[in-house]
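Student: Could we go through this structure term by term? I would like each label set against its definition.

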Number of protein chains: 2
Amino acid sequence: MPAKNPTACLLVIGNEVLSGRTQDANIRFLAVKLGELGIPLREVRVIPDIAQTIVDTVNEVRAKYTYVFTTGGIGPTHDDITSECIAAAFGVPWEPHPVAFARMEAAYKPGDFNAARQRMGTMPRGAALIDNAMSVAPGFQMENVYVMAGVPRVMQSMFEWLAPRLEGGQKIESRSVHAFGLPEGIIAAGLTEIQGRYPEIDLGSYPFYRPTGNGVTLVAKGTSGADAEACIAEVTALIASLGRTPIPGEPAE
Amino acid sequence: MPAKNPTACLLVIGNEVLSGRTQDANIRFLAVKLGELGIPLREVRVIPDIAQTIVDTVNEVRAKYTYVFTTGGIGPTHDDITSECIAAAFGVPWEPHPVAFARMEAAYKPGDFNAARQRMGTMPRGAALIDNAMSVAPGFQMENVYVMAGVPRVMQSMFEWLAPRLEGGQKIESRSVHAFGLPEGIIAAGLTEIQGRYPEIDLGSYPFYRPTGNGVTLVAKGTSGADAEACIAEVTALIASLGRTPIPGEPAE
């Protein structure tokens, strides 16, 4: 990956993924969407609802990556502590956001905008809002940290709003080929040579076990579609030279 | 969670999860299984196949958690670098493991145990093997670091072998109740009070959006089943006091 592309880190905040209660659905969605924007996801951390852990982790990764995205912990309940932790990480007050607070107050019936819901309109001072079509409660941005909901359909709505506003890099191009009945141990040496000739390409080897048969998929990724194409052409020839049938693309599920 | 229970960190090593090519299936499996052993998973990191990142991350987390589990990067191809990185993290040579190497040599037909496959029998000096029923190539343990395959069915087979050999703590007990048509913002204040009365219990609030209807699930987790039970009994009464019907357990998918 060229150094000039921006980088991203995702913090999945919440005990529910760590306890196994919830199957995470946000990592893959954001990984794919960020790749399309040329913002490769370089790290994901899943961390619990513990204030000091959130504060320390945010401060560590926001210094390290171009973009930090967080999901989870911005609802109205006692275990939703992401917002105040972001304020603490930036050393700013956590206070009613003038726009968000007024918008939420107007959206609820009189008396329904209670203390718990007011927490969702309370943000680090200086936060910029991240709108979404699913909920009146917005996410927010503080410098390079983008704070989003954990519920996948709300998070996705927030990210859709956000995507055209992010400064991306060169799109990550991907080309792949697969073969049935080909053990990784047979193709490994040839792959090492090909990878050596394409230092700008990430060439990945992924064995699969499918009802239709076992085999291996080779994936070339990089900002140059031409390089990814040329790399996979060499892998395709390698597969043929090993007496297997190269099949373009990924195998069907 | 009582401090006396051991803790765990999972490192998911590999570009395929970060690129979105692969939907991770290992986090939830290990989260659930470790919870059953009384070894709460406290952090997950997904990191790329970059040697220095792997070495630094392993050294950081092995000092911080009772157990570290890694998945991915122990196959025969050029992008499988976990094993040598673990050796580097521990400052020991990476060399043929006498038992693993001999076992693999015997399993392959003469001439098939090539250089790429020999890498899978090469380990940090002093590694203890983690067997599995799926593959002749074992995982391994170095002190508190357990190195497993990334392919879910191989990883699961390794963990099954490993589980009875891990020193666990008190099992994490879980009780839950849900209600339809109950916004989190309505129940939040009552939950805060209940959480305050059960400091040893993690009380989580999870909104759901299902074809059968929207609502919220409340989950109490802790090492005391009696406390979890009592906490959820209070939540159940709270739901009823808000005019909704409390339903024990999690809502159907």
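**Terms and values**

Tutor: Buried residues make up 50% of the 253 residues in chain A. This is a predicted model, in which local features need pLDDT of at least 70, side-chain atom pairs count only at pLDDT 80 or more, and totals for chains, interfaces and linings use all residues. Residues are numbered from 1 along each chain as its sequence is written, while chains are lettered from A and ligands numbered from 1 in the order in which they are written.

Student: What makes a residue buried or exposed?

Tutor: A residue is buried if 20 or more other C-beta atoms, placed from the backbone, lie within 10 Å of its own, exposed if 12 or fewer, and partly exposed in between. In chain A, 50% of the residues reach the buried class.

Student: How many helices and strands are there in chain A?

Tutor: Chain A has nine helices and 12 strands. Both are DSSP runs numbered from the N terminus: helices are H or I with at least four residues, strands are E with at least two.

Student: Why are strand 9 and strand 11 of chain B said to pair?

Tutor: Two strands pair if DSSP finds at least two bridges between them. Strand 9 (residues 173–180) and strand 11 (residues 213–222) of chain B have eight bridges, in the antiparallel sense, so they pair. One partner couple is B:Ala179 and B:Val216.

Student: What makes strand 12 of chain B a partner of strand 9?

Tutor: Strand 9 and strand 12 (residues 247–248) of chain B have two bridges, antiparallel, and at least two are required, so this counts as a pair. In strand 12 of chain B, B:Ile247 stands opposite B:His178.

Student: Which strands pair across the two chains?

Tutor: Strand 2 of chain A and strand 2 (residues 41–47) of chain B run antiparallel and are joined by three bridges. A:Val46 is opposite B:Val44 there. Within chain B, strand 1 (residues 8–13) runs parallel to strand 2, with six bridges.

Student: What order do the strands of the open sheet have?

Tutor: The 12 strands are ordered 6(A)-7(A)-8(A)-3(A)-1(A)-2(A)-2(B)-1(B)-3(B)-8(B)-7(B)-6(B), with mixed pairing.
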